Amino acid sequence: MAIHPDDPAQNIFGLPRICKSEADLERIIEMVDSPMNSLTICTGSLASGPDNDVPKILERFVKMNRVAFVHARNIKYTGQYDFHETSHLSCDGKLDMYALMKILVDNEFKGYVRPDHGRNIWNEVSMPGYGLYDRALAEEYLYGLIEAITRHKKEA
Ligand SMILES: [Mn+2]
């Protein structure tokens, strides 16, 4: 199992959120102490909670070997509780994607990583949030970061 956090990490339509913070994730993995009870760390979903320190959360649970899947997405705040999804680039959103990928490389993460959500760009018509072109750009970007971080470590 690899539970995905609530998206967004804020109450919406009167529905309570039960998996939105580091404390919630901790509670869930402590319910069954097994690597089979693991997490999907969705960086964009967690980042939508203003108090969530996403790199800290990712590093903590990766080091515990309780992360099976990483959804890499970036967001930008436009108000205290208002945000929108951006490109995956560090320079476009609040998350430092280099720092997140470095946590994975430094801890020899063996789970899955994928770009999460994509905008519709270049006149693409697709299901909202799942633009193929934007996700393909993100895939190459993330791969480039991972390659550069890995190569730098070997050559250091
Ligand atoms: Mn996700």
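**Entry 1: the whole chain**

What share of the contacts in the chain with a separation of 6 or more comes from residues 24 or more positions apart? I found 59%, where two residues are in contact if their C-beta atoms, placed from the backbone, lie within 7 Å.

A note to myself: this is a predicted model, where local features need pLDDT of at least 70, side-chain atom pairs count only at pLDDT 80 or more, and totals for chains, interfaces and linings use all residues. Residues are numbered from 1 along each chain as its sequence is written.

I then looked at overall size. The C-alpha atoms fill a box of roughly 50 × 45 × 25 Å along the principal axes.

A residue is buried if 20 or more other C-beta atoms lie within 10 Å of its own, exposed if 12 or fewer, and partly exposed in between, with C-beta atoms placed from the backbone.

**Entry 2: helices and strands**

I listed five helices and six strands. These are DSSP runs numbered from the N terminus: helices are H or I with at least four residues, strands are E with at least two. Read from the N terminus, the order is β-α-β-α-α-β-β-β-α-β-α.

**Entry 3: the sheet**

Which strands form the open sheet, and in what order? I traced four, S1-S2-S3-S6, with parallel pairing; two strands pair if DSSP finds at least two bridges between them. S1 (2-3) and S6 (112-115) are at the edges with a single partner strand each, so one side of each has no neighbour in the sheet.

I went through the pairs in turn. S1 and S2 share two bridges, and Ile 3 has Leu 39 as its bridge partner in S2. Between these strands the chain passes through helix H1 (residues 22-31), and this β-α-β crossover is right-handed. Right-handed means that, with the strands pointing away from the viewer, the path from the first strand over the helix to the second runs clockwise.

S2 and S3 are joined by four bridges, and Cys 42 has His 71 as its partner in S3. S3 (residues 67-72) is joined to S6 by four bridges as well, with Val 70 opposite Val 113.

Is S2 mostly covered or mostly uncovered? I found four of its five residues buried.

I next picked Ile 57, which lies in helix H3. Ile 57 counts as buried because 22 C-beta neighbours lie inside 10 Å. Leaving out residues up to four places away in sequence, Ile 57 touches Glu 22, Leu 25, Ile 41, Leu 46 and Asn 52.

Last, I looked up the largest nonpolar core, which has 24 residues; Ile 41, Leu 46, Leu 58 and Leu 100 have the most contacts inside it. Such a core is a set of buried Ala, Val, Leu, Ile, Met, Phe, Trp, Tyr and Cys residues joined through C-beta atoms within 7 Å. Helix H4 gives the largest share of this core, five residues.
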